[in-house]
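Hi,

Here is the structure I promised to pass on. Have a look at it first, and my notes follow below.

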Amino acid sequence: MSLGQALAIFGAALAALAGVGSALGVGVAGEAANGVVAEDPNKFGQTLVLQALPGTQGIYGLLVAFLILSKIGLLGGGLLDVSVESGLSLLAAGAPVGIVGIWSGWAQGKAAAAGIQLIAKRPSELAKGMIYAAMVETYAVLALLVSFLMYSNVKL
Amino acid sequence: MNKLSVIGLESEKEAVLAGLQKLGTVQLCDQSDKLTDADWASIIHKDSEEDRAARLESELAGVDSVLDTVSRYDGEKKPLFFHRQAVSEKEFGSILGDGEAVRREVNELEGKIRQWNDIKSEENGIVSQQASLTPWASYTLPLDLTETRTVRVVTGVLPATADAEEMKRKAEEASDAVEIQILGQDGEQQYVSLLCMKQDEDAVMDAVKAYGFTPASFKGLSGTVSDNLGRLAGRLEEVKKEEKELEGQFVISPKEKEALRCYADELVVQRDRARAGENLLATKKAFFLEGWVPEEAQAEVLKLLDAHDCWSEIREPEKGEETPTLLKPSENKWLRWTYPVRAITELYSLPKSYEVDPTPIFAIFYIIFFGMMFADIAYGLILAGLTFFALKKYKPEGMANRLLTTLLYCGISTAIWGVLFGGFFGDLVPVKPMWMNPLDNAMFILAFSCILGVVHLFIGMGVKAYMQIKNGQVFDAFCDVFIWYIFLIGLGLLLFGDNYVFQGAGELGRDMAIIGAIVIVGCEFYRGKGIGKLLGLWNLYGTTSYLADILSYSRLLALGLASAVIAQVFNMLGRMVGKGVVGIIAFILIAVVGHTVNFAINALGSFVHASRLQYVEFFGKFYEGGGAPFKPFTQDTKYVNIVNKEEK
């Protein structure tokens with residue numbers, strides 16, 4: 001395996017780290033949800049929706065990781081030649097979604113947890129809680145976009 | 001929405017209220033402020049029937065809990081969306097009769113439920129007694145035996161950690177005739193029986209207490225442990241049988257159940273009518289009420305009031321007076337279909353009475369945005385199919401109906417975008433994109449998303465201008481909106497015009513931007529006062545917020561890519577298992593689970609982000625919200641929908 005290939009794989013690993021943020025975020029929201037459901041089991045569905053929101057960062061990370069791995073041919077088919085420059089570029093492409101994902105997932109989890117507290121008191125305001133949490137996700141979406149544009153314009 | 005004032009005779013009050021409630025088109029206004037007005041306060045008092053309302057409320061709670069219990073045992077499935085069955089007024093009356101039969105039925109059932117609760121608590125008592133006796137199972141002496149002529153009989157417990165052998169030795173040192181048996185042990189305690197001579201009792205007890213021995217007695221029990229356990233088991237069986245028998249009696253016929261439901265609803269209607277009194281003012285012989293009534297319902301209301309010899313007056317709201325908001329379908333017949341999308345507006349906040357209802361304007365954008373972010377033929381068809389099925393099968397009412405209809409539109413849009421972008425469960429079934437594949441043309445779709453955003457934002461600004469012009473603020477509309485159009489389009493042309501629009505567009509853009517900037521600064525200089533004259537410079541800085549708003553629409557591309565690529569990832573994972581029967585089974589499993597997850601997450605994401613683009617970017621340009629919903633005094637029933645209009 002060449003250095004270029006290894007760098008590209010490292011890029012995929014970096015992108016997948018966005019899952020750290022989602023894990024933290026979904027966890028924080030889940031804790032809050034348990035507390036609310038203890039009081040009112042009927043709120044399971046609503047709290048679950050909010051808890052799912054910070055899960056997307058991990059998926060974006062997975063998405064970019066898969067794109068990078070399939071670009072260098074690691075998934076099925078033979079491994080392609082990757083120059084050191086291309087490998088480094090793919091490493092850079094994995095960085096935005098991975099790094100932004102960690103913090104935005106975590107922060108979105110906290111916003112979602114607060115949203116869960118909101119619906120504990122006012123169940124009809126679910127949409128507003130969701131929007132507040134989704135505001136955080138914007139930055140994960142932007143990072144995904146940057147990662148994708150970098151990835152799609154790197155030529156092997 | 002107009003203000004209605006009514007004065008009528010006390011004797012007609014119930015009839016008038018009942019009539020208004022049936023019409024369901026008047027929202028009663030609270031008038032407590034008049035009581036603080038000296039002119040009013042000297043002749044009127046608040047007409048309150050709190051006692052009657054509270055009595056009806058508690059009776060209703062009883063009927064509701066009976067219905068709950070009954071529904072638990074008759075195996076009727078609780079539907080996802082409860083649909084109130086339509087019942088004509090005549091049927092409603094004939095089911096209910098004078099209410100006596102139903103009331104008797106409720107009392108009878110309440111009695112049975114009380115009996116069942118008693119039995120249930122006896123059962124719990126038996127179970128806990130069984131649990132406390134079981135560890136003593138090997139103790140054979142009668143439980144009420146504490147002494148013989150010379151021997152003391154003691155039972156007790158030791159902590160699980162205590163050394164029982166050593167305790168035995170110490171006890172035997174204290175007396176030469178002592179018998180200690182460890183009957184059993186669980187995680188917390190050891191169960192001990194102790195026999196000793198009465199004369200040595202104190203010495204022995206001192207010895208064993210040093211090890212944590214605590215005497216435990218069986219109050220009120222006689223006979224041996226096994227006798228007692230046998231008796232309890234027998235009783236438990238009886239109790240369970242009684243329980244089953246009673247539960248059998250909870251099941252009532254569907255007809256009786258319907259009567260119960262109608263009765264509950266009748267109580268709701270009566271309670272609401274009693275509560276409506278809160279909003280009425282009264283003298284000894286007359287009552288006074290005020291309320292809001294929509295224009296189209298006025299005639300009916302006046303007819304009713306005339307029939308009961310009331311004095312009434314209807315006036316238009318004063319300038320600046322807030323009226324409740326009642327959203328109506330658009331008058332434009334091409335936009336009437338957008339009515340259900342008001343669910344999205346309602347989730348944010350209703351427009352104030354003087355504001356434009358934004359729903360017909362943004363509905364098409366909402367649906368386009370949702371479709372772009374979800375873009376897949378199969379997902380779209382599934383979403384549309386599921387929502388269509390739910391609408392037909394469960395016939396939900398109100399908000400649920402509106403949301404489902406909106407999602408139905410979104411599903412269709414998703415399928416259309418799936419055709420344009422080429423996706424059927426991702427790349428499961430290869431579909432040639434009718435327009436282009438966003439994966440290969442990311443930059444183009446990014447630009448397309450942003451242009452769509454510019455159109456969306458400009459329409460939002462246009463609404464603001466429309467409202468300003470309607471209020472006579474033509475100059476403000478020019479300063480806040482039209483000149484910004486010129487400025488922003490100029491900037492756009494300056495940056496991209498030469499390369500993408502036509503040669504020389506950059507120069508034109510530059511001129512437009514410069515003129516625009518000068519006018520924006522100039523406007524404030526003309527409009528403002530004092531330091532406010534320089535506000536225009538600050539406003540120019542607001543360009544960055546337009547930039548941020550426009551870039552925010554890049555999520556249309558990003559989330560669209562996310563749905564498509566994740567679907568492809570799952571397909572790829574499925575194909576990796578290999579060929580043959582195992583491969584096919586694994587592929588189907590992975591595809592079903594993967595696509596279900598992707599569908600759920602991305603449908604949720606598209607819903608939330610399409611809403612966000614309306615709430616933050618679009619509404620930010622003009623919308624205030626915060627209107628109070630129109631809440632007419634009506635028959636707000638829970639189980640059946642009483643249809644007043646007789647069928648012709």
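Helices (H or I, at least four residues) and strands (E, at least two) are DSSP runs, numbered from the N terminus. This is a predicted model, where local features need pLDDT of at least 70, side-chain atom pairs count only at pLDDT 80 or more, and totals for chains, interfaces and linings use all residues. Residues are numbered from 1 along each chain as its sequence is written, chains are lettered from A and ligands numbered from 1 in the order in which they are written, and side-chain values use heavy atoms, with hydrogens and water left out.

Let me start with one residue. B:Gln31 sits in the loop between β2 (27-28) and α2 (32-35) of chain B. At 2% relative accessibility, B:Gln31 is buried (under 20% relative accessible area, 1.4 Å probe, protein chains only). Its side chain reaches the backbone oxygen of B:Asn279 at 2.8 Å. Beyond its neighbours within four places in sequence, B:Gln31 has contacts (heavy atoms within 4.5 Å) that include B:Leu281 and B:Phe288.

Now to the interface. Here 25 residues of chain A are in contact with 29 residues of chain B. The rule finds zero salt bridges between chain A and chain B (a side-chain nitrogen of Lys or Arg within 4 Å of a carboxyl oxygen of Asp or Glu). On the side of chain A that touches chain B, α3 (44-52), α4 (56-71) and α6 (126-153) of chain A each supply at least two residues. The largest share, 14 residues, comes from α6(A).

Best wishes

Note on methods:
Buried means under 20% relative accessible area, exposed over 50%, partly exposed in between (1.4 Å probe, protein chains only). A polar contact is a pair of N or O atoms within 3.5 Å; within protein, one must be able to donate a hydrogen and the other to accept it, and residues adjacent in sequence count only if both atoms are side-chain atoms.
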